[in-house]
Amino acid sequence: MEVNRVFDAIVIGAGAAGLFCAAHAGQRGLRVLLLDHNERIAEKIRISGGGRANFTNRDLDLRAPQRHFVGDNPHFCRSALSRYTPQHFIGLVEKHGIAYHEKHKGQLFCDGPSQQIIDMLLAECAAGNVAHWQPCKVGEVQFEAGEGYRLQTSRGEVRAPRLVVATGGLSIPQIGASDFGYRVAAQFGLRVVAPRPALVPLTFAGEGWAPYADLAGLALPVQIETGAKKERMSFHEDLLFTHRGLSGPAVLQISSYWKPGSPLTLDFAPGVQVDAELRDAKARSKKRIANELAQWVPARLADAWVGQDAALARPINEAADKALAQLAERIGRWQITPSGTEGYKKAEVTAGGIDTRELSSQTMESKQPGLYFIGEVVDVTGWLGGYNFQWAWASAHACAEALAAQQ
């Protein structure tokens, strides 16, 4: 049987964006080939949300969706996100009978396993008669004006006038992440914003971290911020101490904005006037300072704070006002500078990527004719909580519409 080698469009990368784009392009009548070098399909969907797939976020601000995203030009994402919204994807999920729930701040998860989302996307691809080759490694990519793209793959040569790159970023290399998309961009003279780990735990080194190294596993809500003036960003989320530093939603969120060498400022008792509370306690209590402090922060953290200063290892009514004021300042505005991040191995996504100045925000087509980039490979990085998947769906949908319009 002769295998078809000529298609209307080839999509490289069978993750969230690639599957969605291939499905919609196929359902619009295009002959689509979907390629991926991995044996397993859509691993990031499978492991996301603790295996429940945090597939979108209903709190996305449709009037200003860019405020949930990071990139050299955050406004680039507005067009695609405004045209394919969380409500659109929720409608698809409901059409396929997938039960879901809202967990926190608009984050939507499947009630059952994330495989349901993968199966839904595969069913959508089947409805579009998408040819799916996996595993299939892509080698040389060639372009000829008037002819389009010629790909050398582990299953032979294939051709198409239009090529979509949906190969993701460098995060989580253990499930097959690669720099393929960046190499294709460089081949065709397209700029790439330097990739970096994002939504990633932060690490700390040296004597300054020693008092907190034993707090691994401790979690609490905090206000966390970094940057100054117009670049200042803050989040009110849960913090988690780890053996090497800090993690949890608060740190993952702020990591996308943190710049090496810059400090973080943390409020361990948001909404509490700790200075006033400690002065009040001094006037009425004879408890140890750490015991009073444990009303607002976990006892283990209170002991760690107090244990660093002999002036605080006493009943609160015997403490100097200056020592209590300094303690309150540290709890409300603790400044500490990370030494680095846990890197791509622990990063949920990759920031940076294909420079959006090289792409059309309407179609996702690059300045290289017929070459498109969608999803995580582009310099658009969402907040934690389903925003990155929504970018995958929206950018894929914009691309598929553009592909169909050129038929």
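Below is a set of questions and answers about this predicted model.

Q: What makes up the secondary structure of the protein, and how much of the protein counts as buried?
A: There are 12 helices and 22 strands. Of the 407 residues, 54% count as buried. The C-alpha trace spans about 90 × 45 × 35 Å along its principal axes.

Q: Why are Cys 77 and Cys 399 called buried?
A: Buried means under 20% relative accessible area. Cys 77 has 0%, so the word applies. Cys 399 is also at 0% and counts as buried too.

Q: Is Gln 66 buried or exposed, and how do you know?
A: Gln 66 has a relative accessible area of 13%. The limit for buried is under 20%, so Gln 66 is buried. You'll find Gln 66 in the loop between S3 and strand S4 (69-70). Leaving aside residues up to four places away in sequence, Gln 66 touches Pro 74, His 75, Cys 77 and Arg 78.

Q: Why are H4 and H5 called roughly perpendicular?
A: Helix H4 (residues 86-95) and helix H5 (residues 115-127) pack at about 90°, and their axes are 11 Å apart. Angles of 65 to 115 degrees count as roughly perpendicular, and therefore H4 and H5 get that name.

Q: Which residues make the contact between H4 and H5?
A: From H4 come Phe 89, Leu 92, Val 93 and Lys 95, while H5 brings Ile 117, Met 120 and Glu 124. Sorted by class, that gives five nonpolar, no polar and two charged residues.

Q: What makes S3 and S5 edge strands?
A: Strand S3 (54-57) and strand S5 (100-102) each pair on one side only. They belong to an open sheet of three strands, in the order S3-S6-S5, with antiparallel pairing. Ignoring direction, neighbouring strands here are turned by 30° against each other on average.

Q: How do you know that S3 and S6 pair?
A: Count the bridges: two strands pair if there are at least two between them. S3 and strand S6 (residues 107-110) are joined by three bridges and run antiparallel. One place to look is Thr 56, whose bridge partner in S6 is Leu 108.

Q: What is the strand order in the open sheet of seven strands?
A: The order is S18-S17-S14-S15-S16-S13-S19, and the pairing is antiparallel. Strand S18 (334-336) and strand S19 (340-341) are the edge strands, as each pairs on one side only.

Q: How do you know that S14 pairs with both S15 and S17?
A: Bridges again, with at least two needed. S14 has eight bridges to S15 and three to S17, and both pairings are antiparallel. In the hairpin of S14 and S15, with six residues between the strands, Gly 227 takes a positive phi near 85°.

Q: What lies beside S17 and S18?
A: These two strands pair in the antiparallel sense over three bridges, with Leu 264 opposite Ile 336 in S18. Helix H11 (residues 321-332) lies across both, at about 110° to S17.

Q: Why is H7 called mostly covered?
A: Seven of the eight residues of helix H7 (residues 248-255) are buried. Those residues are Gly 248, Ala 250, Val 251, Leu 252, Gln 253, Ile 254 and Ser 255. Their cover includes strand S12 (192-198), strand S14 (219-226) and strand S15 (233-241).

Methods:
Residues are numbered from 1 along each chain as its sequence is written. This is a predicted model: local features need pLDDT of at least 70, side-chain atom pairs count only at pLDDT 80 or more; totals for chains, interfaces and linings use all residues. Side-chain values use heavy atoms; hydrogens and water are left out. Buried means under 20% relative accessible area, exposed over 50%, partly exposed in between (1.4 Å probe, protein chains only). Helices (H or I, at least four residues) and strands (E, at least two) are DSSP runs, numbered from the N terminus. Contact means heavy atoms within 4.5 Å. Axes are lines fitted to C-alpha atoms, for helices over the stretch in contact, and angles run from 0 to 180 degrees between N-to-C directions. Angles under 35 degrees count as roughly parallel, over 145 as roughly antiparallel, 65 to 115 as roughly perpendicular and the rest as oblique. Ala, Val, Leu, Ile, Met, Phe, Trp, Tyr, Cys and Pro count as nonpolar, Asp, Glu, Lys and Arg as charged, and the others, Gly among them, as polar.
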